[in-house]
Amino acid sequence: MQNAVVLEQRSRSAARAIRSLPWISDGIDDSEREAAESLVYLAATQGELFNKLSSKPWIAVGDISQGAPAIVAFSYIVETDRAAAARLIDMPFLDTLEAPDSLAVESLSYLAFGNMPVFSRVMLHPAVLDGIDDEEARVVALLEGVAQFDPSLVGVLLNPSRTHTEQRTVTLPLSGPVTLAITRTSPGAARSMDLLEEAVRTTEAIIDRPFPTGYVALLFENAVPGYFGGTHNGLNLTIIPDYDVDDGSYEAATAGRFIAHEVAHYYWRHSAPWLDEGAAEFTAALVEHIRTGHPLEPVNYPCPSSTTISHLDRQEFQESDAGYACNYAVGERLFLDLERSRGQDPFLQGFRHLYDIVSDAYDSQESRLAGIDELRQAFAGTDEASAIDRWYTGQGAGSTYGPDKRPVVAELPEVNGWINRAHISLEEEGEPARSFSAAQAGDWVWLTLDYSHDYAGPPTELTFEVVEYYQDGFPYRRDTLTIEVSRLYSGGLQWLSVGPGPGQQWATGRHWISVFHEGRKVAQAEFEITP
């Protein structure tokens, strides 16, 4: 290393000081190497800043895992803006280094390298000019992610009258103490912290490896990519405030899943997008299944452009592309199919092995993203190979999933009634249709239930579960439909919109709609979407 040679020539005392640090003297591993190189660079080129940094008590420790990212990030800031680095090194938050302090330095380094105008604004803000303290560091740690999607929020977050951070420290079986912090700029739901804790605890139990961080920062703000509900930028989680509610809405019902998905990305990162997003979706589904008892099944609409991972890989969607959502849809189906093929306990052994493999691949700084080869290695076996082939190339045995195959029993005994007919139409009250193009279908089509009854009691309601299936065998949406029954009438028609919904494209192929009441399948409709 050139800087090491220069350092020996210029300052043997500094070289000796670096060699004597406990985490260096006992041998440098891969996780420590960049931090050691950064110290040598600072000692060789920025003697005064090196002296100040090396005097911090958190530098001379046996385990530098928490401080290493801060050392590296600080050296990047020095390269970009030495004057700013000289101010930072004297600020209170760096006297004793805790997890949010290190994240704050990383956040500033990313801004310095990638968004200098915002970095300059931050360094000139009154909250920073008088020195960042530990409380302010928790907010500074969020700024890099916010600046990517809504730079106007930077000033809002730095205003102490506009932000509030709620904290809770939990003790995990494998990791020990982990601090959870939720930052808001408007009131939110008390249960969000409970959902975050549940997600962190259950995710560690699922992966059965120590949680990768001792500090989980969640920001509820609209600083996410355009069509996403949340994002994990490596330093913190951001979820739109719509899900920080407890009001019986759809958003409240799905908040746990959104939080669990972003929490899962602490484990599932740096691999092929279908692997990272699919594994995070499966983990979130299992977290919610354990928490609520909800079925373990997809929540994403089938990908309209790719039915296999190999095709998805070739398309190379970027996060800004609408097609990027296919990584969620195809990825989650792959892992759900693997879990169904083998059974949950054997599957989880392979799932955990996959995490170990992709983590090792990232730590060794391999140039390519972990993907199908690592998946095959983790799930080596006949059943798993067949499922992997099915989702990678389209070959292999059929899925273990499929539409409910029980016969239709149309009776509604509670009201001495029955479902006469179920059909799909392009319009509400439209004519039955069995096949139509995606353009004809628009955002959705209509399920029509024609029902009759001979009922003489007081007015009552019958509630049905409507499940939508795709030809890949997976259900992709569940909804409820209510029929009002009165002795004044002998039946009627009820409509429900089905399909991908606004802004999504139809997946071409066969679709099934099954209707259940009291556990019985009382109706089914089948249709085909053509290109």
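**Exercise 1. Describe the open sheet of five strands: what is its strand order, and which strands are its edges?**

Step 1. In this predicted model, the five strands of the open sheet follow the order S1-S2-S3-S5-S4, and their pairing is mixed.

Step 2. Strand S1 (164-172) and strand S4 (230-232) are the edge strands, since each of them pairs on one side only.

Step 3. Averaged over this sheet and with direction ignored, neighbouring strands are turned by 15° against each other.

Step 4. Helix H14 (residues 191-207) lies across S1, S2 and strand S3 (215-220) and runs at about 30° to S1, while helix H15 (residues 250-264) lies across S3, S4 and strand S5 (237-239) and runs at about 160° to S5.

**Exercise 2. Determine whether strand S13 is largely enclosed or open, and find which strands pair with S13.**

Step 1. Strand S13 covers residues 509-517, and eight of its nine residues are buried, so the strand is largely enclosed by the rest of the structure; the cut-off for buried is under 20% relative accessible area.

Step 2. S10 pairs with S13 in the antiparallel sense over six bridges, and glutamate 468 stands opposite isoleucine 513 in S13.

Step 3. Strand S14 (residues 520-530) also pairs with S13 in the antiparallel sense, in this case over nine bridges, and alanine 523 in S14 is the bridge partner of valine 515.

Step 4. S13 and S14 form a hairpin that leaves two residues between them, and in this turn glutamate 518 has a positive phi of about 55°.

**Exercise 3. Classify the ring pair of phenylalanine 347 and phenylalanine 379, and then the pair of tryptophan 391 and phenylalanine 474, as stacked or tilted.**

Step 1. The structure holds 20 aromatic pairs, and one of them joins phenylalanine 347 to phenylalanine 379, with 5.5 Å from centre to centre and 20° between the planes, an arrangement that counts as stacked.

Step 2. Phenylalanine 347 belongs to helix H19 (residues 344-363), whereas phenylalanine 379 sits in the loop between helix H20 (372-378) and helix H21 (382-392), so this pair ties together parts that lie 32 residues apart in sequence. Phenylalanine 347 and phenylalanine 379 are both buried.

Step 3. For tryptophan 391 and phenylalanine 474 the ring centres are 5.8 Å apart and the planes stand at 50°, so this pair is tilted.

Step 4. Here, too, distant parts of the chain are linked: tryptophan 391 lies in helix H21 and phenylalanine 474 in the loop between strand S10 (460-470) and strand S11 (475-485), 83 residues apart. Both tryptophan 391 and phenylalanine 474 are buried.

Methods:
Residues are numbered from 1 along each chain as its sequence is written. This is a predicted model: local features need pLDDT of at least 70, side-chain atom pairs count only at pLDDT 80 or more; totals for chains, interfaces and linings use all residues. Side-chain values use heavy atoms; hydrogens and water are left out. Rings of Phe, Tyr and Trp (its six-membered ring) pair if their centres lie within 6.5 Å; planes under 30 degrees apart count as stacked, over 60 as edge-to-face and the rest as tilted. Helices (H or I, at least four residues) and strands (E, at least two) are DSSP runs, numbered from the N terminus. Buried means under 20% relative accessible area, exposed over 50%, partly exposed in between (1.4 Å probe, protein chains only). Two strands pair if DSSP finds at least two bridges between them. Axes are lines fitted to C-alpha atoms, for helices over the stretch in contact, and angles run from 0 to 180 degrees between N-to-C directions. Contact means heavy atoms within 4.5 Å.
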